[in-house]
Amino acid sequence: MTWSEMQPLLEQACWDTLYMVGWSTVIAVVGGLPLGILLVLTDRGGLLQNTVLNKVIGQVVNIARSMPFIILMVALMGFTRSITGTTIGREAAIVPLAIGAIPFFARLVETAVREVDDGLVEAVQSMGGNTWTVVRKVLVPESLPSLISSTTTTIVALIGYSAMAGTVGAGGLGDIAIRYGYQRFETELMWITVAVLAVVISLIQFVGDYAARGLHRRGGRSGAEPRLRLLRSRAAVNSGSRATDGTGTGTEAGSGSGSGPADAGTSADTPAADVHKVA
């Protein structure tokens, strides 16, 4: 097979692979991000502690992750047909790809969110923030560099899954390698397909690493400590203001009743306790 014959096949296969992986990644992020955060929130000591719910979600995720993709793809053929009307082609491959990637990404999200400094969460809570505020203002922003890296890992895994999907007629580079490289003994085309896959994965990994490093420098985890100190200082200022008012009242009371020093000493201990609690 000449290059002029291989080129259109490779171009179409690349677009099919990017199409499948792109849509599967979007669905995996939309479904896996809240699932991973929920695993953290419902865990023991979490903001929404619910041991039963956490174990149920964890078991479902573990079972879905443990199933080999080729078996998952065959097992979901009936479900795929009910959604897309077919089990062949790139649209049909998106269904098992997305379902297989959601639990995979959820576990990566769980790991990334658990690395967030607990002091930031406590500081936001001490200033009246609810669970949604903690998730939106602390957990997601502070874990964003790790979430970008997790997304990159998921995309690379999906490219491998899409190659396996080619064995059942899903299209893409895996389909080219199977139909031409293996069944028709076009060894040269098979190795070119492998090289294209390696280049695509390398580019995606480079872009993902670059984005994660950029977010890390701009804020992310490197900004966690300064932000924590800022939250603590604000809490300390608020506590100090309340303590000043209490001390003044105690002094005036002391001039009439003689109990001022004890009251002032009691109120003076309050800010230290508040700051310690925030810390």
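Mentor: Let's start with handedness: a crossing is left-handed if the near helix is turned anticlockwise from the far one by less than a right angle, and right-handed if clockwise. Helices here are DSSP runs (H or I, at least four residues; strands are E, at least two), numbered from the N terminus. The model above is predicted, and local features need pLDDT of at least 70, side-chain atom pairs count only at pLDDT 80 or more, while totals for chains, interfaces and linings use all residues. Residues are numbered from 1 along each chain as its sequence is written, and side-chain values use heavy atoms, with hydrogens and water left out.

Trainee: Then in which hand does α1 pass α5?

Mentor: The crossing of α1 past α5 is right-handed.

Trainee: At what angle do the axes of α1 and α5 cross?

Mentor: Two packed helices are described by the angle between their axes and the distance between the axes. Axes are lines fitted to C-alpha atoms, for helices over the stretch in contact, with angles from 0 to 180 degrees between N-to-C directions. For α1 and α5 the crossing is at roughly 40°, and their axes come within 5 Å. That angle makes α1 oblique to α5 (under 35 degrees is roughly parallel, over 145 roughly antiparallel, 65 to 115 roughly perpendicular, and the rest oblique). In their contact (heavy atoms within 4.5 Å), there are 22 nonpolar, four polar and six charged residues. Here Ala, Val, Leu, Ile, Met, Phe, Trp, Tyr, Cys and Pro count as nonpolar, Asp, Glu, Lys and Arg as charged, and the others, Gly among them, as polar.

Trainee: How do α9 and α10 pack?

Mentor: Helix α9 (residues 173-182) meets helix α10 (residues 187-218) at an angle of about 165°, and the axes are 8 Å apart. That makes α9 roughly antiparallel to α10. Their crossing is left-handed. On the α9 side, Leu-173, Ile-176, Ala-177, Tyr-180 and Gly-181 make the contact, and α10 brings Thr-187, Leu-189, Met-190, Thr-193, Val-196 and Leu-197. By class, eight of these contact residues are nonpolar, three are polar and none is charged.

Trainee: And what is the angle between α6 and α7?

Mentor: Those two pack at about 155°, with axes 10 Å apart. That makes α6 roughly antiparallel to α7, and the crossing is right-handed. Leu-120, Val-121, Val-124 and Gln-125 of α6 touch Thr-133, Val-134, Val-138, Leu-139 and Glu-142 of α7. This contact has six nonpolar residues, two polar and one charged.

Trainee: What lines the largest pocket?

Mentor: On a 1 Å grid over the protein atoms alone, a pocket is an open set with protein on both sides within 12 Å along at least five of seven lines, a cavity is a set of points where a 1.4 Å probe fits but cannot get out, and lining residues have an atom within 4 Å of a point. Points are joined across faces, edges and corners, and a volume is the space filled by probe spheres set on them. The largest pocket has a volume of about 300 Å³. It has 15 lining residues, and those closest to its centre are Val-40, Gly-45, Gly-46, Asp-118 and Val-121. Helices α1 (3-41), α5 (90-114), α6 (118-126) and α7 (131-142) each give two or more residues to this lining, with α6 giving the most, three residues. The lining divides into eight nonpolar, two polar and five charged residues.
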